[in-house]
Amino acid sequence: MRIGIVVAEFPSYSETFFANKVIGLCERGHDVVVFRSVRNTDKILEDIYRFSNYPNLQIVTLDLRQSVSGIIKTILNYPIAWIKSFDTDLSVIKKKVFDNLCKIYFKKHACEVYHFGYSGLAISYLSLFDSLKGKTMVSCLGTAEKVKPVSELNRIDKLKMLFDKTDSIHCVSSNMAETIKKFGAPVNKMYINRPAIDTGFFSPKNEYKQREKIQILSIGRLVFQKGFLIGILAIQDLKKQFPGFTWKIVGEGPGREELFFHIHNLGLADHVELMGKKTKDDVVEIYSQSDIFFLPSVCEGIANVVLEAMAMHLPVVSSMSGGMDEAITHEVDGILVENYNRSLMTKHLYDLCNNFEKRKRLGAEAKKTIEEKFSLKRYIDVFESEYVKLTGN
Amino acid sequence: MRIVVVTNEFPAISETFISNKVMHLIRRGHRLFVICNEKNKALFNALFGKEKRIEVIVLGKPKLFGYILTHPYEGLKTLITKRRDVKKTLFTRFCLYAINRCSPDIIHFEFSALGVFFLDAIPKLKGKKVVSCRGTAEKVKLMEYEDRKTKVAELFNLVDAIHCVSEDMRQTILPYCCGQEKKIFINFPSIDIGLFKRKDSYQPHNPITILSISRLTFQKGYLTGLLTVKKIKEAGIKFRWLIVGDGPQYEELAFHIHEMNLQEEVILAGIKSGNEIIELYHQADIYFLPSVYEGIANAVLEAMSMELPVVCTKSGGMDEVIVHNEDGFLAVVYNEDKLACLLLQLINNFQLRRKMGEAGRQKVVRHFNINSQIDKFEDVYNQLIGMK
């Protein structure tokens with residue numbers, strides 16, 4: 001089968017699931033075309049994934065903000081697309097050129113299925129849907145469905161149009177399915193495929209041990225959805241009761257300045273460390289040095305980092321945001337806390353800091369849960385069968 | 001006196017203190033030049049009309065090109081001698097030209113960040129230089145960026161006077177002053193008590209209305225604010241909280257409001273004009289400032305002048321304005337339990353609200369009145385140019 005995956009940045013540090021999926025599909029012999037709108041030339045990422053090893057993978061860049069020579073090339077190659085885009089308004093020209101070039105690229109690399117990685121991204125391609133020969137699928141992962149409809153006028157209407165046009169809708173959790181049903185997503189187009197992780201890669205090398213100083217870990221982009229301010233407030237109270245810990249936050253993002261300020265303003269600079277972004281290998285190392293994983297998010301699909309932490313035998317304290325309760329069973333393989341409830345977060349963190357046996361027990365159960373329910377094999381299986389269903393192959 | 005005021009946008013809807021200052025200095029007979037990067041023409045005409053003693057100079061591309069055309073020699077010289085930083089050098093020379101052309105006695109940078117931006121030009125500026133320290137630039141940026149620290153220290157070294165909006169601000173910048181402490185003077189923000197004056201007596205509203213006015217940025221602590229009012233809702237109180245203003249946190253706040261199920265109670269009202277804001281003060285029962293840091297919040301001074309009781313965090317210099325339990329309530333920053341407790345105290349007691357509102361008005365009339373602020377600036381300027 002020839003499958004088109006449409007994403008924004010590719011590859012990226014924070015969205016490893018796209019890369020995992022692409023590689024998984026390639027390994028099963030499918031032809032995969034990745035359409036990306038942002039080229040990432042990071043050497044480290046290229047070395048990690050080694051996409052050149054997959055002859056059945058093609059990466060097409062729809063980035064128009066590239067070099068002048070790149071633009072001239074498109075003019076020479078596709079003069080008609082440019083002529084068709086003529087307008088008196090520069091911003092209209094830009095949009096038209098983008099649309100017309102996309103049409104050409106999509107046609108040139110025709111696929112049986114086009115899978116749009118985000119509904120927000122799919123909305124920006126909505127005008128092209130009719131010209132696509134293959135079937136279309138859209139993923140609903142989080143922010144685009146949880147935040148934008150609240151903050152952006154017309155977003156709900158746009159989502160309705162999208163759900164109407166697309167042939168299939170992938171939901172990251174049952175919680176997401178419930179959310180988009182409210183926006184008129186037809187139930188017969190929807191299916192749920194919860195995220196998954198590479199359990200071979202995220203596997204603890206050593207036994208879970210007691211350490212002198214407790215290390216709490218969080219990983220996520222520094223954006224408000226991750227609830228780091230709530231986390232900082234919970235940690236501030238924890239420090240009053242249990243000073244022997246550090247909290248490491250791995251990730252980068254627009255909220256860095258804000259978090260840095262809060263941490264210093266609350267006198268937590270000795271206890272909280274902003275680590276910046278890390279590679280996959282570094283992250284595994286950091287997991288294995290940690291005792292507790294903490295997710296204070298206010299908005300999630302299902303957090304992949306929690307699945308990774310669970311696979312790494314870590315007890316998790318997670319907010320009940322999005323579909324987190326579909327990954328964690330409270331007090332069995334992790335701890336769930338009501339959204340925004342920082343005092344309850346403090347209570348559970350304190351409890352775990354003081355109870356090695358419980359940490360170990362939760363971590364062991366967590367690892368089992370991931371192996372049973374969140375393996376990459378299941379993830380690719382579900383996508384594969386949905387693609388087959390759509391195309392009738 | 002010929003005074004150059006350097007600011008960002010002018011006049012700016014969220015920085016009325018600068019246009020107020022400019023206007024009052026004009027009224028006292030000074031000649032004002034405002035150097036800015038953007039001019040709000042509609043607001044300017046509304047505020048200053050045909051006033052002749054003010055000139056607004058926008059440092060933008062059109063002016064820069066004009067400068068290069070009329071000064072081809074400067075352009076050529078820069079091109080030959082400063083190959084590396086042509087753009088920067090040329091811009092600095094252009095700024096120098098634009099400011100010095102006003103033959104100023106005083107040049108006042110209204111934000112230290114602007115002072116840092118013009119750092120290269122400052123030594124060659126004619127006239128005495130003053131810089132204001134008001135908030136973000138000193139409280140956040142200084143904490144975070146090492147090179148900013150050296151630049152600010154250099155700036156303090158180059159200017160003739162440093163204006164702080166509060167004692168707290170003075171303490172904040174002291175570590176970067178390195179022997180320049182004597183240049184510091186404190187001049188509290190102030191407001192026009194004639195403009196911010198109730199038309200009628202303070203009366204209760206139904207439901208009780210809490211008001212906040214500011215840009216929607218993290219400094220303003222709205223997440224703490226939302227956690228606070230969530231507690232008030234849980235206590236079974238009917239109320240509404242009006243948040244006036246816009247900013248980068250709009251999306252985040254809209255999400256939190258939805259997620260905490262506070263859509264009925266909390267209203268993001270967007271940007272409002274000066275007159276609308278005065279009307280909103282009349283419709284409110286309590287003013288609420290959940291900020292995580294402040295210089296001194298002008299909106300609190302306005303609210304107090306409008307006889308509203310105020311609940312605010314002990315951020316920045318707020319405790320230099322408010323005496324807890326007398327003319328307002330203060331709570332520790334980030335502490336939603338305490339804030340909720342204080343708000344409830346006011347919500348449940350009309351007499352207390354009225355009493356506190358009256359005390360607040362008295363405080364502002366006595367200490368935060370625009371005339372005394374302008375007196376102080378005039379004094380400092382006079383001393384600098386040796387008139388006194």
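**View 1. A network of salt bridges in chain A.** Welcome to this predicted model; our tour starts with Arg28(A), Lys377(A), Asp381(A) and Glu384(A), which are linked in a network of salt bridges.

**View 2. A salt bridge between distant parts of chain B.** Here the side chains of Glu378(B) and Arg28(B) meet, with N to O at 2.9 Å. The two residues are 350 residues apart: Glu378(B) belongs to helix α17 (residues 370-384), while Arg28(B) sits in the loop between α1 (16-27) and β3 (31-36). Glu378(B) is buried, at 17% relative accessible area, whereas Arg28(B) is partly exposed, at 29%.

**View 3. A salt bridge joining two loops of chain B.** Glu110(B) and Arg134(B) form a salt bridge through their side chains (2.5 Å, N to O). Glu110(B) lies in the loop between β6 (106-109) and α6 (112-117), and Arg134(B) in the loop between β7 (128-133) and α7 (136-144), so the pair ties together parts 24 residues apart in sequence. Glu110(B) is buried, with a relative accessible area of 0%, and Arg134(B) is buried too, at 17%.

**View 4. Asp285(B) paired with Arg353(B).** In this salt bridge the closest N and O atoms are 4.0 Å apart. Asp285(B) comes from the loop between α12 (274-283) and β13 (286-289) of chain B, and Arg353(B) from helix α16 (residues 350-367), 68 residues away. Asp285(B) counts as buried, at 0% relative accessibility, and Arg353(B) is buried as well, at 3%.

**View 5. Where chain A meets chain B.** The contact takes 23 residues from chain A and 24 from chain B. About 2,400 Å² is buried between the two chains, and carbon and sulfur atoms give 66% of this area. Glu257(A), Phe261(A) and Tyr340(A) supply 30% of the area that chain A buries here, more than any other three residues. Two salt bridges are counted between the chains; look for the one between the side chains of Arg342(A) and Glu336(B), at 2.2 Å from N to O. On the side of chain A that touches chain B, the elements giving two or more residues are α8 (148-151), α11 (228-241) and α12 (256-265). Of these, α12(A) gives the most, with eight residues.

**View 6. One buried face of helix α13 in chain A.** Within this helix (residues 280-288), the buried residues are Lys280(A), Val283(A), Val284(A), Ile286(A) and Tyr287(A). Seen down the axis of α13(A), they fall within an arc of 165 degrees, so they line one face of the helix.

Terms used:
Residues numbered from 1 in each chain as written. Chains lettered and ligands numbered in written order. Predicted model: local features only at pLDDT ≥ 70, side-chain atom pairs only at ≥ 80, totals over all residues. Heavy atoms only, no water. Buried < 20%, exposed > 50% of the residue type's maximum accessible area, 1.4 Å probe, protein only. Helix = DSSP H or I, 4+ residues; strand = E, 2+ residues; numbered from the N terminus. Arc of directions from axis to C-beta. Contact = heavy atoms within 4.5 Å. Buried area = accessible area lost by both parts, 1.4 Å probe.
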